[in-house]
Amino acid sequence: MLTGEARPVAKKPGDKVIGGTVNENGCVLVKVTHVGSETALSQIVQLVEVAQLAKAPVQKLADQISRVFVPVVVVVAILTFLGWFIPGQLAIYPKDWIPKAMNSFELALQFGISVLVVACPCALGLATPTAVMVATGKGASQGVLIKGGNALEKAHKVKTVVFDKTGTLTVGKPVVVSMKVFSPMPIQEFCDISEAAEANSEHPIAKAVVQHAKKLRQMNASNLEHIAEVEDFEVHPGYGVSGKVGDKMVLVGNKRLMVSRNVPISSEVEGFMSESEQLARTCVLVAINGMVSGAFAVTDPVKPEAKQVISFLKSMNITSIMVTGDNWATGNAIAKEVGILTVFAETDPLGKADKIKDLQLKGMAVAMVGDGINDSPALAAADVGMAIGAGTDVAIEAADIVLMKSNLEDVVTAIDLSRKTLARIRLNYVWALGYNVLGMPIAAGVLFPFTGIRLPPWVAGAAMAASSISVVCSSLLLQTYKKPLHIERARGLVDYSDSV
């Protein structure tokens, strides 16, 4: 639970175990040393709560503008009234400028009211919430659940994305990626014997071998119901399994199991094991009647879209970093495969959150993408936390954005949608302020002495309403948003064939 890895961790007498983890084989007697709020899970939840409370609310740009704009408008309206009333009283401008059934006071009052009405910041107030509402709705329809305007606003500033490895960049489930038979035995027979030996094991790697054998039978249209019987089945914790399949004695496990049973390992087998280790794969050897007959290379495969997502983020001037609880060899191998240059491995949950804070101290706006309980402190500490939809409830609760389809493409979608939304909000401000900048001088009567054109309050109200409508229509255009990676694939700029 703490490392988030798909592979079990062997424990021996005296080792510490974490509450909430799963015991794969046998019986484990444990002594409880921490209960209640002192447990590891409770401490992680506390870290999440502290990080969430520490987040300062983002001050809206509209509030900053309104803080200055509204007093300025009131002052301009008063000056407009005085600017027309005083000259009218002193007869500085001709009396025929004053419409019939009006006096200088009423004319000045109309100019002052028109300025207030035309400059009403309704459109300014609509600029942000309408765009946020449309963007969050559009994001939800695309599988990106954005928890409010703050998350949307922060995402556009992101310059660094930190990825967890297992379950985020990788599938999170071991699978057989290659196989080699060292004996003249047919491949199908070899797989059937391996499956029979592994069928009773609960180990994730054993399940991967069984699943691979089943797929091979499906491809060869073999008898899908045929599973050989295994006798004298025995689990060797940390080593593998053994049993008798028909008249064959079978061992399935690692090199240590073979050495303990005096099974010779040829140079060909050593070569396959070395090659697998360099690729951060687990090599499962299968010995039949005292000879290594074949081997499986098992790994947690990288998601097919991961490499393209990292490449696209780079084109957006966003740096990608990987933080994992796994070992350095596996972490570096996966990072190299997807194109990530910076890796932090063997990192616990608190360490992940500390890495996020270190990056933030350097002035970076950081997004964290993860799926497990061990990622939740980092998700909460990041400027923008993005949780994989198939992840744990704790991670989803801690995140600002949830990628409901568990697709890494949606990391790009979330950031790109945020950027498009903030650009739309700024355009809305231009529309809103543009009406005010153009309408206020006309409402104040600047053109009246030369053209006789003035803006009565009712016309000023119509202009103000038009500005609000234009802002709403501008925000609604976000409904036409398309995912950037889908567009790139449609143009043929992104090729998934290598990953698939």
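# Close-up views of a predicted model

**View 1. Strand β9 and its two neighbours.** Thr 160 has Thr 319 as its bridge partner in β9. This is a predicted model, in which local features need pLDDT of at least 70 and side-chain atom pairs count only at pLDDT 80 or more, while totals for chains, interfaces and linings use all residues. Residues are numbered from 1 along each chain as its sequence is written, and side-chain values use heavy atoms, with hydrogens and water left out. Helices (H or I, at least four residues) and strands (E, at least two) are DSSP runs, numbered from the N terminus. Two strands pair if DSSP finds at least two bridges between them. Strand β2, residues 160-163, pairs with β9 in the parallel sense over four bridges. With strand β10 (residues 342-344), β9 also pairs in the parallel sense, over three bridges. There, Val 323 stands opposite Phe 344 in β10. Is strand β9 mostly covered or mostly exposed? Four of the five residues in β9 (residues 319-323) are buried, where buried means under 20% relative accessible area, exposed means over 50%, and partly exposed lies in between (1.4 Å probe, protein chains only).

**View 2. From β9 over a helix to β10.** Strand β9, helix α12 (residues 328-338) and strand β10 form a right-handed β-α-β unit. A crossover is right-handed if, with the strands pointing away from the viewer, the path from the first strand over the helix to the second runs clockwise.

**View 3. The open sheet.** What is the order of the seven strands in the open sheet? The order is β1-β13-β12-β11-β2-β9-β10, and the pairing is mixed. At the edges lie β1 (144-146) and β10, each pairing on one side only. From one strand to the next, the twist averages 20°. Axes are lines fitted to C-alpha atoms, for helices over the stretch in contact, and angles run from 0 to 180 degrees between N-to-C directions. Strands of a sheet pair through backbone hydrogen bonds, either parallel or antiparallel. Strand β2 and strand β11 (residues 366-370) pair in the parallel sense over four bridges. Phe 163 stands opposite Val 369 in β11.

**View 4. Helices against the sheet.** Helix α12 packs on the sheet and touches β9 and β10, and its direction makes about 150° with that of β10. Contact means heavy atoms within 4.5 Å. Helix α16 (residues 409-443) also packs on the sheet, touching β1, β2, β11, β12 (384-388) and β13 (401-403). The direction of α16 makes about 45° with that of β1.

**View 5. Around Thr 421.** In this view, Thr 421 sits in helix α16. Why does Thr 421 count as buried? Thr 421 is buried because its relative accessible area is 0%. Not counting residues up to four places away in sequence, Thr 421 touches Ala 131, Ala 135, Leu 152 and Leu 478. The C-alpha atoms of Thr 421 and His 156 are separated by 8.7 Å, although these residues are 265 residues apart along the chain.

**View 6. Two residues with positive phi.** Most residues other than glycine have a negative phi, and most peptide bonds are trans. Asp 232, in strand β4 (residues 230-236), has a positive phi near 55°. Asp 232 counts as exposed because its relative accessibility is 61%. Asn 289 also has a positive phi, near 55°, and is found in the loop between β7 (282-288) and β8 (291-299). Asn 289 is partly exposed, with a relative accessible area of 47%.

**View 7. Cysteines.** How many disulfides does the structure hold? The structure holds zero disulfides, a disulfide being a pair of cysteine sulfur atoms within 2.5 Å. Cys 191 counts as buried at 1% relative accessibility, and Cys 283 counts as buried at 12%.

**View 8. Segments listed in the record.** The unreviewed UniProt entry lists residues 68-87, 107-128, 429-452 and 458-481 under "transmembrane region". UniProt positions are given in the numbering used here, feature names are shortened, and annotations may be inferred rather than shown by experiment. In the model, residues 68-87 are 100% helix and 0% strand, with the end C-alpha atoms 29 Å apart. Residues 458-481 are 79% helix and 0% strand, with the end C-alpha atoms 37 Å apart.
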